[in-house]
Amino acid sequence: MASIELVQVTKVFDKTAVIDRLDLTIEDGSFTVLVGPSGCGKTTLLRMIAGLDLQTSGSVRIGGKDVSNLAPGQRGVAMVFQNYALYPTMSVRENIEFGLKNNKVKRSERIELVESISETVGLKDYLDRKPSTLSGGQRQRVALARAMVKKPAVFLMDEPLSNLDAKLRGQMRIELIELHKKLGVTFVYVTHDQVEAMSMADRIVLMNGGVIQQEAAPEVIYRQPGNQFTAQFMGVPPMNVYELGANGIKFGFRPEAALLSQSQTQSQSPETNLNTNTPQWSVRGTVATREMLGSETIYQIKSGDRSYMVKSADDQYAFDQEVQLRVDASRIFLFAADGSRLLESEPDYAGYMDRLRGQRHG
Amino acid sequence: MANRTTWDRIRPYVMIAPAMAGILTFVIYPMGYLIYLSFYKYNLMNRAKSKYVEFDNYKQIFTRGDFYKALGNTLVYTVGVVALTMILALLTALWLKRNTRLNAIIQGGIFIPHIVSIVSVSLVWLWMMEPSHGMLNALLRSLGIPPSHWLQSSRTALVSVIIVAVWQAIGYYALIISAALRNVSPSIYEAAALDNASRAKVFFRITLPLISPQLFFILVIMTIGSFKVFDIVQIMTGGGPNDATTTLVYYIYSYRTTNIGYAAASGVTLMAIIGLLTFVYFRLLSRKVHYQ
Amino acid sequence: MKRMEFNYGRWLGVILKIAMGLFFIFPFLWMLSTALQTLKETLSFPPVWIPASPQWDNFVRAMNGGPFAIYAKNSLIITGSIIVLQFLIMIPAAYAFAKYSFVGKPLFFGMTLLAFMIPTQVTFIPVYLLLADWGLIRTLWPQIIPFMTNAFGIFLLRQYFMQIPQELIESAKLDNATEFKLIWRIMIPMSRPALATIALFSFVSHWNDYFWPLVMTDSVSIRPLTLGIAALKETEGITNWHVIMAGNAVLVGPILVVYAFFSRQIVRAFVYSGIK
């Protein structure tokens, strides 16, 4: 069991600092997901925790102890790699055992550990097989078992699910959540997939350009994004963000926050009536594309030179149809010119909101 | 554990140290020593009597007919072996290109001479080329063709040696070329077929350029290999008759005990030729051949 | 096989291919035939293809033509020692070249390249003098230690090591494996094909070597088989071809037997070394 602290960590590759004086504390027992676009520094961060890359300056502490100069094998961490990195010439058993042998664990104890772990992950019948004879999911389990058997205080995972097909990935996500509950140790998980981050994490660290954009629980990140980058990175399709037309201020709303109705020139749809009392922003446009996903439908609504993505449970609108798009004022986000979020508490907020409503086309 | 980084820093050097020691002792130092020796009249029995003679050995080399004779023989041998092997190996490889059982067996068969010692190969051919009772002349006689003196005439000896060398080399190079041919993606040929390309065009515009890196590699290896030819000559002809088959290395070999300084100067010349060839080849390589 | 049409072109091709194969094997068959003939048979015209009664005695006579037990023993010791020594030196060097970056690496790698290019025919005189200075000339060492660094092997193995994913090494480091264990348990098992190629290559080239033992040895007791067989030419004069061919068959035999069993692996190894 251990918390992880990165203190003023800097990593320089080829004279460019990919991470510059970064501070981060990962709580003991948390399931923390480092997420961000490729090249954002999340993997570098993970590798510095593991000791595979050494930080240029700053320190790494695991469980309160400075491990900055410890070899990877002595930090009490285990890692699951994207391609699993199973030793191809060793059997499943030898793969799981390798770390124990290196740590001079007694034979009897080793056998017991391997047996119990392989039972947990459902590999008992495959112990004497070579990794090349296993399926992708089974290999994934071997990689997990190999990490678990060392009873690490910290579990590091570098996009461990990206080589699996969609169905298996969903299943493994649930298994990882259960595993985390059962082991109760710190999980640090790197991914570029925000769905994975949202579904598994109890804490998300969103990074971009080597800088932490926001660090919070998934629901907070989603509902209260700290800045425009966070708002647009989390969520599919991403948040619609456009210029307000004053002081570089931008406004945005999530696709599912928009309500569609038939254009006012035609009949009123019932749902719009429900919201007539609350302040709204609305715009008229035409359906440019329509993706029917099953329980919901994603529309692209063209209005002037802007297009808005709308996610709706209603699939009645057809291509080229004229529609009215409305968003409750409470579900509109404002961002300052530098991308930071403009909160309701700020003095200019109401003024900008009024200005936005004044722009209604219709 | 505090020393981890120090040890990390020296570990690569420790790991390559034995290998580098071997190269320094048995390649680099000898090269230097060879150059050093080439400026001396070296006395094997009494080194104190060795004498610095400046460029005398080199002057001697470039004024002596037998050196030019050896150099000329080596050049003829190299050009003959490289050209013949290259063409015949390429044709063989094209012929045996398809991955069938028969082709695999034949390739396995023609490869045998390459893994057998050059001593054995030389002795077998020496016997077959024996003028009065040898197999080849018996064959010629029964076909009504006048027999040849093969290795025993200064007119035919070098050609005979070339025949044996080519015979030994074809299998290996055909193998490499046909492996290269099989590496060419079939879809390229399919595309060419759809473009209605003729067979000759396919060969010269597609096949040949695509395998040119391998052909080039073979060219380099074979040229350098041919320049240092020795064994076959030593066993089959002993450089004779009348120095007709004395090659550069054989020349150096024959002076190795009697005149070390002179042999060393000849060795330096050989080294320079090989170095120059390698250099020229790699300059060409960087300019011409890159499809991979 | 619906139509039993006889395809002349195809069969002509097959026959020509077999003829070509024979062209390369025939000399060895002829060697074997001669080795079993009498002197009279070898001198006859037209040549005798199959000896009337096989003269096994020729082999006895050839083997009595020199200390062949010693030659064979020397050949085995020399090739065996070279391969062991080369492996001990080559593996760590190839690993360092493949997986570390260190100051001077291009220089050291360049030295290896140079060693690959410079033939023994250039260096034999100084190496002989050096080994004579060390007092080793009357031992087997001069035929072993100059080959301790296998530059070709280092290239090939380095290439192979570089293809092994970095994650495997990192994984082993997280499993607290020492560098030695990492090489022994992961790198070596994963490079078996390359190591087999190198060993095979080394075996064939040193077992067959003629030039180096010729210039390094001056006494019978340290000579290998190749020199012993070549010497038969001198001792048996220029007429006793049946005895020389018998000796020659003894030299070729082991290689051909090995080749018969492992021809596919050997062919693959040679192709591999030629393409890389």
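This talk covers aromatic pairs, charges over rings, annotated spans and cavities in a predicted model.

First, the ground rules. Residues count from 1 along each chain as its sequence is written, chains are lettered from A and ligands numbered from 1 in the order in which they are written. Because the model is predicted, local features need pLDDT of at least 70 and side-chain atom pairs count only at pLDDT 80 or more, while totals for chains, interfaces and linings use all residues; side-chain values use heavy atoms, with hydrogens and water left out.

Let's start with rings. How many aromatic pairs does a search of the whole structure find? It finds 58, over all chains. To pair, rings of Phe, Tyr and Trp (its six-membered ring) need centres within 6.5 Å; planes under 30 degrees apart are stacked, over 60 edge-to-face, and the rest tilted.

Take B:Trp125 and B:Trp167. They form an edge-to-face pair, 5.2 Å centre to centre, with 65 degrees between the planes. B:Trp125 sits in helix H5 (residues 118-128) of chain B and B:Trp167 in helix H7 (residues 157-183) of chain B, so the pair ties together parts 42 residues apart in sequence. Helices (H or I, at least four residues) and strands (E, at least two) are DSSP runs, numbered from the N terminus. Both B:Trp125 and B:Trp167 are buried. Buried means under 20% relative accessible area, exposed over 50%, partly exposed in between, with a 1.4 Å probe and protein chains only.

Next pair: B:Tyr251 and B:Tyr262. This one is edge-to-face too, at 6.0 Å centre to centre and 65 degrees between the planes. B:Tyr251 belongs to helix H11 (residues 248-254) of chain B, B:Tyr262 to helix H12 (residues 260-288) of chain B, eleven residues apart. B:Tyr251 is buried, with a relative accessible area of 3%. For B:Tyr262, also buried, the value is 0%.

Ring pairs also build a cluster. Its members include B:Tyr13, C:Phe97, C:Phe102 and C:Phe201.

Now charges over rings. The test is NZ of Lys or CZ of Arg within 6 Å of the ring centre and within 35 degrees of the ring normal. B:Lys97 lies over the face of B:Tyr189, at 5.5 Å from the ring centre.

On to chain C. An unreviewed UniProt entry annotates "transmembrane region" on several spans, including residues 76-95 and 143-161. Such annotations may be inferred rather than shown by experiment. Residues 76-95 of chain C are 100% helix and 0% strand, with end C-alpha atoms 29 Å apart. Residues 143-161 of chain C are 58% helix and 0% strand, and their end C-alpha atoms lie 29 Å apart.

Last topic: cavities. On a 1 Å grid over the protein atoms alone, a cavity is a set of points where a 1.4 Å probe fits but cannot get out, and lining residues have an atom within 4 Å of a point. The whole structure has five cavities of 30 Å³ or more.

Which helix gives the most to its lining? H4(C) does, with four residues. Lining residues include C:Ile78, C:Phe147, C:Trp207 and C:Asp209.

The second largest cavity holds about 60 Å³. Among its lining residues are A:Arg146, A:Lys150, C:Leu174 and C:Asp175. H4(A) supplies the largest share, three residues.

Notes:
On a 1 Å grid over the protein atoms alone, a cavity is a set of points where a 1.4 Å probe fits but cannot get out, and a pocket is an open set with protein on both sides within 12 Å along at least five of seven lines; lining residues have an atom within 4 Å of a point. Grid points are joined across faces, edges and corners, and a volume is the space filled by probe spheres set on the points.
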